[in-house]
Amino acid sequence: MGVQTVAVPIDKYGMDIESGEHLAPRAALAVVTASQQAPTGVSLSPERRDALLGWASNANAWIIEDDYLAELQLEGRSALALAGQHRAGRVIHIGTFSKTMSPAIGVGFIIAPPLLARRLIDTATWLNAPPNIAVQAALAKFLTEGHYLRHLRRMRELYLARRNILMCGLIKSGISSCIPAALSVLVPLPTGLDDQYIARVVREINLSPAPLSPWYANSSRAKSGLLLNVANVKEASIVENCLKMRGYLGNAATLENASEKHRTAIG
Ligand SMILES: Cc1ncc(COP(=O)(O)O)c(C=O)c1O
């Protein structure tokens with residue numbers, strides 16, 4: 001398609017919009033995970049949101065808001081979608097029920113300015129077969145009868161409790177360097193410890209963390225770490241599993257040091 005992508009750095013306020021403008025002065029499109037950056041979970045600050053929306057309207061550019069976690073913000077109030085803000089006329093909001101319900105239902109949605117509707121419908125027609133009509137009808141009923149909101153409230157509480165259990169398990173096992181990251185917990189690893197290798201070998205003990213380094217656009221700047229998903233944490237086996245994982249990692253001091261470096265890098 002002739003698209004040239006440019007990676008924009010993030011810090012504790014989310015995407016650095018000024019750097020983005022500098023790195024890609026003629027950009028036509030910005031793709032953002034504004035409410036919870038993937039994978040760190042950092043929320044785009046109000047000032048940066050303003051700057052991003054301002055950039056899009058001045059440059060006649062578009063923003064794709066990939067709202068993959070939607071309302072599953074575990075602490076505080078969910079950040080307002082960019083598409084719901086003042087001056088949001090250049091925002092294409094993409095939502096999914098993959099995380100809030102299940103990837104198996106295969107339903108997502110787009111909220112976009114009406115002038116794009118025709119082209120989006122044409123494009124969607126060519127991409128994939130539409131989701132099963134019975135699933136769509138059941139989901140619509142689930143939403144309109146208010147069950148979805150109740151489900152979200154329950155899942156937020158459940159995932160927050162599971163994230164706390166996981167953090168406690170990690171700390172009890174001597175991995176005190178863990179950092180909450182949206183629906184995951186990040187365990188920063190010392191430079192030189194290959195996170196992709198560790199993620200592979202701990203499968204032998206039935207753990208399946210995701211390595212952090214492949215998330216970096218620029219592999220020479222990639223940091224090593226493990227992202228542990230909180231969704232299926234089981235309280236009964238958590239400490240035992242964390243202790244097993246601990247056996248594959250370096251000593252506590254090196255882990256602590258790696259965590260400090262990550263924190264400094266994110267801001
Ligand atoms: C950054 C990001 N965007 C979007 C999605 C959702 O994709 P889909 O709706 O195709 O399952 C995910 C799922 O993991 C994700 O990590």
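Guide: Glu65 belongs to strand E4, which spans residues 62–67; helices (H or I, at least four residues) and strands (E, at least two) are DSSP runs, numbered from the N terminus. The model is a predicted one, in which local features need pLDDT of at least 70 and side-chain atom pairs count only at pLDDT 80 or more, while totals for chains, interfaces and linings use all residues. Residues are numbered from 1 along each chain as its sequence is written, and side-chain values use heavy atoms, with hydrogens and water left out.

Glu65 is buried but has no salt bridge. Buried means under 20% relative accessible area, exposed over 50%, and partly exposed in between (1.4 Å probe, protein chains only). A salt bridge is a side-chain nitrogen of Lys or Arg within 4 Å of a carboxyl oxygen of Asp or Glu. The nearest side chain of opposite charge to Glu65 is Arg49, 5.2 Å away; Lys and Arg count as positive and Asp and Glu as negative, while His and the chain ends are not counted. Leaving aside residues up to four places away in sequence, Glu65 touches Val32, Ala34, Ala81, Leu82, Ala83, Val91, Ile92, His93 and Ile94, contact meaning heavy atoms within 4.5 Å.

E3 and E4 run parallel and are joined by four bridges; two strands pair if DSSP finds at least two bridges between them. From E3 the chain passes through helix H2 (residues 46–59) to E4 in a right-handed β-α-β crossover; right-handed means that, with the strands pointing away from the viewer, the path from the first strand over the helix to the second runs clockwise.

In the whole protein there are eight helices and ten strands, and buried residues make up 40% of the 267 residues.

Although Glu65 has no salt bridge, a search of the whole structure finds five. Among them is the one between Asp122 and Arg118, at 3.1 Å from N to O. These two residues lie four apart in helix H3 (residues 117–127), so about one helical turn separates them. Asp122 is partly exposed, with a relative accessible area of 36%, and Arg118 is exposed, at 53%.
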